[in-house]
Amino acid sequence: MEVIVESGAHAIAVRVADAVCELLRRKPDAVLGLATGGSPLPSYDELAERCAAGLVSFARARGFTLDEYVGLPPGHPESYRAVIDREFVSRVDFGPGAVAAPDGSAPDIPAACRAYDDAISAAGGVDLQILGIGADGHIAFNEPGSSLSSRTRIKSLTRQTRVDNSRFFGGDVDAVPAHCLTQGLGTISEARHIILVATGANKAEAVRQLVEGPISARWPATVLQLHQHVTVLVDEAAATGLELLDYYRETLRLKPDWQGI
Ligand code: F6R
């Protein structure tokens, strides 16, 4: 796991965009894993700008989102399908239908979840997964207690996550659905490269657990310690809990140019 501390959200976005552009240069038909929530938005802005400038194309790429609320009517502006379309997909040049999302209104939820995992596998797996992290250590919507080998399935959101996400629902916690569909920790772990973005002091404890805590379902993101290629991009505030911060800074400073992230 590599930890990179950046000065702020823009510098993080540039790193994420560089990684996506480099991947698409090498592999134009790459499969991207796309998080929603606030953390990746500056990266999507950066990528949209580069695409508009002709510096990158998503025309042959595909994408899979991580999760979706259950119980929102189709087309609800805060469904993650609507959010990813609005914030990213519609602003770049993906082909029609190139980005898939779990169907939170499917009549047969277990079948829809199995089909989603199958679709990711049929696409050849995710080359680069962009992740955020919840204050309680969730990735996608794998809340504390999630099986570390879980597949896409229905989950109940914690009160904390519903409070955190109520900002997207006019501050009304009860308007945030209690259930979601989410890629499992096992599903996410199959991505070939994972970039996790965290900014702000309210993420500091989750980042500390993710990087330096014991692997435990109590902090689901700790499963990433078992992955061979994870890049954690944080700002100064999110990095404050890290015991080995000086070592991470030194490692980055001495890193060979050819290595990339
Ligand atoms: C969203 C997702 C969630 C968020 C997490 C952090 O698709 O998978 O795990 O990444 O809740 O949300 P923000 O970035 O809004 O702080």
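A polar contact, as I use the term today, is a pair of N or O atoms within 3.5 Å. Keep that in mind. The model we are looking at is predicted.

R167 has a polar side-chain atom 2.8 Å from an oxygen atom of the ligand. How much of the ligand does the protein bury? Taken alone, the ligand exposes 400 Å², and the protein buries 94% of that.

In the side chain of S39, an N or O atom is 2.5 Å from an oxygen atom of the ligand. For D67, a polar side-chain atom lies 2.7 Å from a ligand oxygen. Now step back. There are 16 residues around the ligand, and T36, S39, H138, A140 and K203 come nearest.

Next, the record. An unreviewed UniProt entry annotates D67, D136, H138 and E143 as "active site". Among these residues, D67 and H138 are included in the lining of the largest pocket. The unreviewed entry also has a domain feature, "Glucosamine/galactosamine-6-phosphate isomerase", at residues 9-229. In the model, that span is 33% helix and 14% strand. Its end C-alpha atoms lie 22 Å apart.

Let's take two of the annotated residues in turn. D67 goes first.

Where is D67? Look in strand β4, which covers residues 67-69. Is D67 buried or exposed? Its relative accessibility is 5%, so D67 counts as buried. Now its contacts, leaving aside neighbours within four places in sequence. D67 is in contact with T36, Y80, P102, A140, F141, L181 and T182. Pick out F141. Its backbone nitrogen lies 3.4 Å from a polar atom of the D67 side chain. So the side chain of D67 has a polar atom 3.4 Å from F141, and a polar atom 2.7 Å from the ligand, both within the 3.5 Å cut-off.

Now E143. Which element holds E143? Find the loop between β6 (128-131) and β7 (153-156). E143 has a relative accessible area of 2%, so E143 is buried. What does E143 touch, not counting residues up to four places away in sequence? The list is D136, H138, K155, S156, L157, T158, T161 and P220. Two of those, D136 and H138, carry the "active site" annotation in UniProt. T158 is worth a look too. The backbone nitrogen of T158 lies 3.0 Å from a polar atom of the E143 side chain.

Then find E143 in the loop between β6 and β7.

Key
Residues are numbered from 1 along each chain as its sequence is written. This is a predicted model: local features need pLDDT of at least 70, side-chain atom pairs count only at pLDDT 80 or more; totals for chains, interfaces and linings use all residues. Side-chain values use heavy atoms; hydrogens and water are left out. UniProt positions are given in the numbering used here, feature names are shortened, and annotations may be inferred rather than shown by experiment. On a 1 Å grid over the protein atoms alone, a cavity is a set of points where a 1.4 Å probe fits but cannot get out, and a pocket is an open set with protein on both sides within 12 Å along at least five of seven lines; lining residues have an atom within 4 Å of a point. Helices (H or I, at least four residues) and strands (E, at least two) are DSSP runs, numbered from the N terminus. Buried means under 20% relative accessible area, exposed over 50%, partly exposed in between (1.4 Å probe, protein chains only). Contact means heavy atoms within 4.5 Å. A polar contact is a pair of N or O atoms within 3.5 Å; within protein, one must be able to donate a hydrogen and the other to accept it, and residues adjacent in sequence count only if both atoms are side-chain atoms. A residue is near a molecule or strand if one of its heavy atoms lies within 4 Å of it. Accessible areas come from the Shrake-Rupley method with a 1.4 Å probe; for residues, only the protein chains shown count as cover.
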